[in-house]
Amino acid sequence: MSIIFDRSLFVTNPVMRYIAYAVLALFLSVIHIVFLRFIAVSSVTPDLLFILTVWIALVEGQFSGIIAGFLCGLLFDVVSTDVQGSNALAKTLAGFVAGFFYKEGFAMTTIGSARFLMICALAALIHNVVYYFLYTRPMETGFLMFFLKYGVATTLYTTVAAVFPMLVVNRQKDW
Amino acid sequence: MQRFIEFVVRFKNYITLCVLIVMSFAMMSFGDLSRLGGFRAVIVGSIGWMQSVFAWIPNPVALKSENAQLRELNLQLSIESARGRKAMVENVSLRKMLDLRKRVDVDLIAADIVGKTTTQLRNYATMNKGSANGVKEGMSVVTDAGLVGHVVGTSEDFAVIQLLLNRDTRVAAKVQRSRVDGIIAWDGETTLALKNVPASFDVQAGDMVITSNYSTRYPANIVIGRVTKVEEETNSLFRKIIVEPSADFTTLEQVFVVAELPDEQRRDLERRVEERIRQRTMER
């Protein structure tokens, strides 16, 4: 057990980290489908895969963030049976935006502070603008009203959910 | 080539972004998972299985929302049910009235009761048909059950009916079975009294009372009510006969106006004869 949770293994070996990200992404997608309905507020839920994307972008850099965003989005599109590519596009852009805040060697400092929440909020806003713009295209509903109703709520809820990884990192300064 | 590689390395983030955006749009234009056939079935099946495994966990938020929705639905269904019941009752009533229309050979004007004044000594009803619809003062008003009263006032669109349960009611009536004549008057309650019937005449509880040919105000043979009680009065030549009106005045909603006025010539003649007899009596 101690080998599995040997943190240094993930810190030093990037392959292990990427495997861990992949497993975590699958796990979060299952959580999203099965359990997130319990904390849905007016059908609005936090986007866990988005938080993972921002995390990867801040830890691994913009390039990895873009790739991670695309793959997480694709995974989300598949498991949520959404239009293929809509989440992939939105999360790719989110990873790209979050990647601008990458600072080598200071990733955990960023994640463990309120800066992480601000990055999440900004990236989530862009993510949701793109996503709900694509979402409302085939509908007669106006984008602005729909975005103000659901996009802003989802952004806020996701930002609130991002508090938990922030607190976890904040309490473990030895990362 | 070296410069191209350097360019790619330098702008790899932007190039990757562009490529992935193009791929995303390509996937969107490709369409949804339904085109992936078996793959979609596997995904949907897996998700469905996972959700069913954890379906037993109650969701308080969803339950609350569902509860609210069910309450709203329940309210709507209650309203619908009440409307349905009302429509059914109205339907039965209107069908009876249609039947009445077929039974009588005079013109009838259908009207709805829009107001009622049923204080003890003033039992009037207002209906939504007036002189513009051919309603005139003196016309009789009936329902499928029987006589209701007569019109005592009209405006262009409304008319006021004096109900049978009124202190001024006097209707020449007869018992349908035995053809015994009498006068129907209001007894002050919810029933009527058949007066001027000698004690020796054949009247029994259950007999139907109808309007008489002697009536100058109402058409003949309209049902007024049913005899419910016949009492012998001590020191009197007459019986006390209680008649239950056939028309239900408490639930009066639709009525018909008999579009026929009392025969003026007959009334005029009777009035003149009465006047002459009164004058002769006074001369003597």
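Predicted model: local features only at pLDDT ≥ 70, side-chain atom pairs only at ≥ 80, totals over all residues.

Modeller: Residues are numbered from 1 along each chain as its sequence is written, chains are lettered from A and ligands numbered from 1 in the order in which they are written, and side-chain values use heavy atoms, with hydrogens and water left out.

Biologist: What makes a residue of chain A or chain B part of the contact?

Modeller: Contact means heavy atoms within 4.5 Å. Chain A supplies 28 residues and chain B supplies 27 residues.

Biologist: How do you know how much area chain A and chain B bury between them?

Modeller: Buried area is the accessible area (1.4 Å probe) that two parts lose on being put together, summed over both. For chain A and chain B that comes to about 2500 Å², with 78% of it on carbon and sulfur atoms.

Biologist: How many salt bridges are there between chain A and chain B?

Modeller: The count between these two chains is zero. A salt bridge needs a side-chain nitrogen of Lys or Arg within 4 Å of a carboxyl oxygen of Asp or Glu. Over all chains, a search of the whole structure finds seven.

Biologist: Why is the pair A:Glu60 and A:Arg17 called a salt bridge?

Modeller: The closest N and O atoms of A:Glu60 and A:Arg17 are 2.6 Å apart, and the limit is 4 Å, so the pair qualifies. A:Glu60 lies in helix H3 (residues 48-60) of chain A and A:Arg17 in helix H2 of chain A, so the pair ties together parts that are 43 residues apart in sequence. Helices here are DSSP runs (H or I, at least four residues), numbered from the N terminus.

Biologist: What is the crossing angle of H7 (residues 114-136) and H8 (residues 143-161) of chain A?

Modeller: Axes are lines fitted to C-alpha atoms, for helices over the stretch in contact, and angles run from 0 to 180 degrees between N-to-C directions. The axes of H7(A) and H8(A) come within 9 Å and cross at roughly 145°.

Biologist: Which residues meet in the contact of H7(A) with H8(A)?

Modeller: Among them are A:Leu117 and A:Phe133 in H7(A), and A:Phe143 and A:Tyr150 in H8(A). By class, this contact has 13 nonpolar, six polar and no charged residues. Ala, Val, Leu, Ile, Met, Phe, Trp, Tyr, Cys and Pro count as nonpolar, Asp, Glu, Lys and Arg as charged, and the others, Gly among them, as polar.

Terms used
Helix = DSSP H or I, 4+ residues; strand = E, 2+ residues; numbered from the N terminus.
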